[in-house]
Amino acid sequence: MNIIFFGSDDFAEAHLKSLFDGGHKVVACVTQPDRPKDRGLKMVVSPIKELALAHHIAVLQPASLKENKEIIAELKAFKPDVFIVVSYGQLLPKEILELPYFGAFNVHPSLLPKYRGAAPINWALINGETQTGVTVIRLNISLDAGDIIKQKAMPIDPEDNAVTLREKLIDLGNEQLKETLKAIDDGMVRLTTQDATKATKAPKLTKEFGKIDWNSSAVDIHNKVRGLQPWPCAYTYYQEKLFKILTSEVIPALNPNHKPGEVLEISKNGILVQTAKEAILIKSVHLENANPMDAHSFTVGHKLQPGFQF
RNA sequence: CGCGGGAUAGAGCAGCCAGGUAGCUCGUCAGGCUCAUAACCUGAAGGUCAACGGUUCAAAUCCGUUUCCCGCAA
């Protein structure tokens with residue numbers, strides 16, 4: 001079975017790696033073009049490209065797939081049976097979806113039809129979901145709306161943040177991908193249409209979204225802290241400087257005669273801050289121009305006192 | 001070479017310009033005092049001054065190179 005893999009980030013990389021490890025016949029990889037990125041605008045090579053080249057497999061890096069006849073011809077030449085698409089970053093147009101004999105399949109880290117879009121893991125945490133999962137779908141032309149082939153749920157641990165949850169979902173995704181390929185091999189694929197009325201969206205995150213509104217509840221803020229790792233992070237400002245909250249905990253506050261955003265208590269455990277509902281304990285922080293540190297160290301150095309208003 | 005900030009004890013910083021014993025505030029630990037402590041008193045631990053090279057009798061400090069970290073931007 002000739003597989004062409006589409007992907008661009010480390011989530012995709014883990015799946016490609018497991019295809020190699022599983023002995024599958026990956027004949028080519030499609031990934032995003034190398035782009036200048038980060039400080040100094042260094043050229044960043046997609047991890048997919050490196051992995052593919054290490055396995056001596058062709059790498060295609062089209063800027064766009066839309067009306068790109070060259071790419072269609074190139075893909076066709078590999079005589080693909082399936083496309084595996086994992087966080088590729090672009091929609092595949094109809095004429096490309098039609099190329100592989102069995103179709104194009106996508107591993108998506110949410111329980112579709114919930115959380116269609118670019119940041120499903122983050123949004124599940126932001127919304128305080130207690131479970132999530134991985135869904136394998138057969139791609140059609142709309143975003144994450146194809147028929148479901150495999151789906152498996154898993155609980156979200158209250159301690160999970162977007163980084164740890166992502167790792168768990170990579171494992172689950174690999175498992176589901178393996179089963180999907182086996183089902184295709186065995187001719188045992190069963191498709192289930194998504195219930196479009198239950199669809200929700202998980203759009204790309206923005207920097208602005210990470211800004212904390214102290215007039216929201218402690219639970220909401222805590223979920224932002226968990227869900228916005230490692231970027232953009234839930235943040236506020238301290239002396240005009242960006243102040244990211246890395247870890248936190250919701251503390252039931254019994255007597256909130258304080259304004260939201262007010263520091264209630266400083267202790268070794270961290271900084272206790274009033275919110276609109278209950279209080280939140282800030283446990284570790286990351287101030288602009290400094291290394292991340294636990295909240296206690298921060299309060300000692302900055303002489304933060306109860307009564308301070310964020 | 002996209003723009004800018006930074007690295008000195010666990011944290012926050014001073015010292016650098018003008019070279020001469022590694023300092024301050026806080027935290028930590030131990031002891032004391034106290035009905036009591038985020039108070040007070042006494043003491044202790046904790047450093048490759050990011051790294052390498054140069055200048056010098058002498059470098060945290062002056063000169064050069066490198067590494068790492070942070071914000072913006074994408």
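**Figure 1. Overview of chain A in the predicted model.** Buried residues, meaning those under 20% relative accessible area with a 1.4 Å probe and protein chains only as cover, make up 48% of the 310 residues in chain A. This is a predicted model, in which local features need pLDDT of at least 70 and side-chain atom pairs count only at pLDDT 80 or more, whereas totals for chains, interfaces and linings use all residues. Residues are numbered from 1 along each chain as its sequence is written, and side-chain values use heavy atoms, with hydrogens and water left out. Chain A holds eight helices and 15 strands, which are DSSP runs numbered from the N terminus (helices: H or I, at least four residues; strands: E, at least two). Its C-alpha atoms fill a box of roughly 70 × 45 × 35 Å along the principal axes.

**Figure 2. Close-up of the largest nonpolar core.** A nonpolar core is a set of buried Ala, Val, Leu, Ile, Met, Phe, Trp, Tyr and Cys residues joined through side-chain atoms within 4.5 Å. The largest one in this structure has 41 residues, and Phe5 and Ile84 have the most contacts inside it. Helix 6 supplies the largest share of this core, with eight residues. Apart from this core lies another, of 22 residues, including Val30, Leu60, Tyr88 and Ile96. When neighbours within four places in sequence are left aside, Ile84 is in contact (heavy atoms within 4.5 Å) with Ile3, Ile4, Phe5, Phe6, Leu19, Phe105, Leu177 and Leu181.

**Figure 3. Close-up of helix 7 and its surroundings.** Helix 7, residues 218-227, is largely enclosed by the rest of the structure, because eight of its ten residues are buried. Among these buried residues are Ile221, His222, Lys224 and Arg226. The buried residues of the helix pack against helix 5 (120-126), helix 6 (162-186), strand 10 (234-238), strand 11 (241-251) and strand 14 (279-287). In the loop between helix 7 and strand 10 is Pro230, and the peptide bond from Gln229 to Pro230 is cis, with omega near -10°.

**Figure 4. Close-up of backbone features in two loops.** Most residues other than glycine have a negative phi, and most peptide bonds are trans. In the loop between strand 7 (103-108) and helix 5 lies Pro113, and the peptide bond from Leu112 to Pro113 is cis, with omega near 15°. Tyr115 is found in the loop between strand 7 and helix 5 and has a positive phi, near 60°; at 6% relative accessibility, Tyr115 counts as buried. Glu67, in the loop between strand 5 (58-60) and helix 3 (69-77), has a positive phi near 50°, and at 75% relative accessibility this glutamate counts as exposed, a term for values over 50%.

How values were computed
Chains are lettered from A and ligands numbered from 1 in the order in which they are written.
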